[in-house]
Amino acid sequence: MSVPLSALLTLLAAPDQWVGFFALLVAMTFASGVVRLRLAELQAEQNASRYFMIEVARAILSLGASLALVALVEPTFMALSAGFVGANIAVALVCLLSFAPDLPRMALDRTVVKSILSYAGPIVPLTALQALIPLTERYVIQFVAGPAAVGIYAAVQNLVQQPISMLASAVALSAFPIIMRSAETEGHPGAQSRMREAGAYLLALGLPAVAGIIALRSEIVSVVLGEEFRAGAIAIVPWVAVTALLVNLKYHYFDVAFHVTRRVLVQLATLLRRRSLRRR
């Protein structure tokens, strides 16, 4: 699914250079898949140090390679993208080394493959919808209030959402494998107990962060955003901050319940309902 989707996106975004961008997107899809698979394995093993090393190495190499190509070749988006993709491919090749000993012995088990597809199949449209919903918000804002309001909203969202999501992700990365392991060994009661703990940690970190951002919104906006954004940004920071916390609670707490109970189709139905309500 990723390859035809990549071709469609490149044709729409860059019809004159679609071949080059298509090759980069395919390579990035492969690299991202390998890295995410390795990170998921480390997350399940609760190996935080190696997880941290891979993420930091990927970020540093991506930035360094992109800037190097822009400086040495030409300052274009293609050069910037090529450096980013090249760095991710290098990290993916290193991650492949951990799977190399098992590759000769790998064989497709139809039962396992069927189980994976039945569980993961609904996650594909679910992920696509979760990515599209934030985009539709900006189109609605542009339709109602104009492009200037979209710029203010995008600036505030990027400013406020990142620190809250970072704190929530710190809890979720460690909590998810523990919850899944508890579901397998202790059943639903054990998983529910771990989920209550994870929810308490999410609120313990998220609520003070939201309160601090709201209390210091004038100072934060004055330091980070330009003068033309400040008046409108200060007014919507509280709403965006509370929304960011609720979104993280949905992703890292409520959605986990669907994964634990393997009721992903129900989760997809709730997301479709949410999307239809937004259209109304």
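In this predicted model, Val144 is placed in helix H6, which covers residues 123-145. Val144 has a relative accessible area of 67% and is therefore counted as exposed, since the cut-off for that class is over 50%. Together with Val140 and Phe143, Val144 makes up a nonpolar patch on the surface, and the accessible area of these three residues comes to about 380 Å². In an α-helix there are 3.6 residues a turn, so residues three or four places apart point the same way.

Ser66, in contrast, is a buried residue, because its relative accessibility is 6% and buried means under 20%. Ser66 belongs to helix H3, which runs over residues 48-72, and, when its neighbours within four places in sequence are left aside, Ser66 is found in contact with Leu80, Gly83 and Phe84.

Helix H4 comprises the 20 residues 77-96, and its end C-alpha atoms lie 28 Å apart, in agreement with the 28 Å that should be spanned at 1.5 Å a residue. Several residues of H4 are buried, among them Ala79, Ser81, Gly83 and Val85, and also including Ala87, Asn88, Val91, Ala92 and Cys95.

Helix H9, formed by residues 227-260, contains 34 residues, and the distance from its first C-alpha to its last is 47 Å, which is close to the 50 Å expected at 1.5 Å a residue. H9 also carries a kink of about 50°, and this kink is centred on Ala233.

Note on methods. Residues are numbered from 1 along each chain as its sequence is written. This is a predicted model: local features need pLDDT of at least 70, side-chain atom pairs count only at pLDDT 80 or more; totals for chains, interfaces and linings use all residues. Side-chain values use heavy atoms; hydrogens and water are left out. Patches are made of residues with over 30% relative accessible area and no salt bridge: like charges are joined within 9 Å, nonpolar side chains (Val, Leu, Ile, Met, Phe, Trp, Tyr) within 5 Å. Accessible areas come from the Shrake-Rupley method with a 1.4 Å probe; for residues, only the protein chains shown count as cover. A salt bridge is a side-chain nitrogen of Lys or Arg within 4 Å of a carboxyl oxygen of Asp or Glu. Helices (H or I, at least four residues) and strands (E, at least two) are DSSP runs, numbered from the N terminus. Buried means under 20% relative accessible area, exposed over 50%, partly exposed in between (1.4 Å probe, protein chains only). The expected span of a helix is 1.5 Å times one less than its number of residues. The bend at a residue is the angle between axes fitted to the seven residues ending there and the seven starting there. Contact means heavy atoms within 4.5 Å.
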